Amino acid sequence: MATIEILGVPHAYELTAPTSCPHALVFIHGWLNSRGYWQPVISRLSADLQCLSYDLRGFGESKSQAKTDFDQTQTSLSLTPISTSAVGSPFDSLYTPAAYAEDLAALLQQLNISSAWLIGHSLGGTIALWAAAQLPECVKGVICINAGGGIYLKEAFEQFRSAGQKFLQVRPRWLSQVPLIDLLFTRASVARPLDRYWARQRVIDFVVADPEAALGTLLDSTTEEEVNRLPQLVSQLKQPVYFLAGAEDKVMEPKYVRHLASFHSLFQYSANNVIEIPDCGHLAMLEQPDAVADSIQLIVRSQESGDTEKSEQRLPPIGTSPKGDATRTERN
């Protein structure tokens, strides 16, 4: 593990060796997760594509606070503003997806990564979309995994936020030492039970996440304003944006993935930018790493060989996949 300061905050990251491909793959984990969840996918891709994974501020082994006082509004990074009619700035809080995207922009700058594909899981997908908007020259494309939304259902979101806050209150450090506690995490949010190694890691990440960061990301990413921004954000992106959905995902159901994907020009009325993975829940990179890795490689390689319209024709037709694991999906 290496450590780097991003806007004054120490972050843990891992970077594989460069390859002949000019683009790096940058993996962004989701809420209460950490960079390690990408290892099964990275191990399948790193021989051909350089891979960067890191822990978001306040999660995994990354710190939550700067060593010195730092005002994010004073960053010297040149960010492309996003036009929005919504009231308030997405940078007002340290824990909005836009603020985390600013962290990512600084990380790429410090590591001299000038050409990248962003791959984000769940909340990480939203962060990837914001970073693509902030860095249009650097970010060549985005692949969102188990990420979607853009529909604000007031009662449902209020219940989710309330349940999430209560969930975070029950996180004593000794919880990770409770016998068999990991068995609960083998089945949570997945279609098939995970290996106990990953279940134990989920317990650890749940316990060690910084309280302020865990609560802040939960609340700031689920406001009506933030949710309603997403479709506009996706519609403005010029880079290709693809979505991988778990067919059995109960956290981010495929219909919500397709909804957000439909705002991008690649969608073209038939979900051309959506790949649905059968027998898969909310942790696709752990449940179906072959399907995820194959889809990533296919998308990136196809974009290398031509423009968006031509490369789209090289993706698997609906109902097929590189190895039969993932299927293209029609819009409901």
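Student: Which helix is the place of valine 208 in?
Tutor: Valine 208 sits in helix H6. Helices here are DSSP runs of H or I with at least four residues, strands are runs of E with at least two, and both are numbered from the N terminus. This is a predicted model, where local features need pLDDT of at least 70, side-chain atom pairs count only at pLDDT 80 or more, and totals for chains, interfaces and linings use all residues. Residues are numbered from 1 along each chain as its sequence is written, and side-chain values use heavy atoms, with hydrogens and water left out.

Student: Does valine 208 count as buried, exposed or partly exposed, and why?
Tutor: Valine 208 counts as partly exposed because its relative accessibility is 29%. Buried means under 20% relative accessible area, exposed over 50%, and partly exposed in between, with a 1.4 Å probe and protein chains only.

Student: Switching to pockets: what volume does the largest pocket have?
Tutor: About 1,200 Å³. Ser122, Phe160, Val251, Met252 and His282 are the closest to its centre, out of 41 lining residues. A pocket is an open set of points on a 1 Å grid over the protein atoms alone where a 1.4 Å probe fits, with protein on both sides within 12 Å along at least five of seven lines; lining residues have an atom within 4 Å of a point. Points are joined across faces, edges and corners, and the volume is the space filled by probe spheres set on them.

Student: Which helix gives the most to that lining?
Tutor: H4, with six residues. Helix H6 (196-208) is one of the helices that supply at least two residues each.

Student: And the core: which residues have the most contacts inside the largest nonpolar core?
Tutor: Leu104, Leu118, Leu129 and Val142, in a core of 65 residues. Apart from it lies another core of 33 residues, including Trp198 and Tyr242. A nonpolar core is a set of buried Ala, Val, Leu, Ile, Met, Phe, Trp, Tyr and Cys residues joined through side-chain atoms within 4.5 Å.

Student: What does leucine 129 touch?
Tutor: Beyond four places in sequence, leucine 129 touches residues including Val142, Cys144, Leu230 and Leu260. Contact means heavy atoms within 4.5 Å.

Student: Where does pLDDT stay under 50?
Tutor: One of the stretches is 307-314, and another is 317-324. The chain averages 86, on the predictor's confidence scale from 0 to 100 for each residue.
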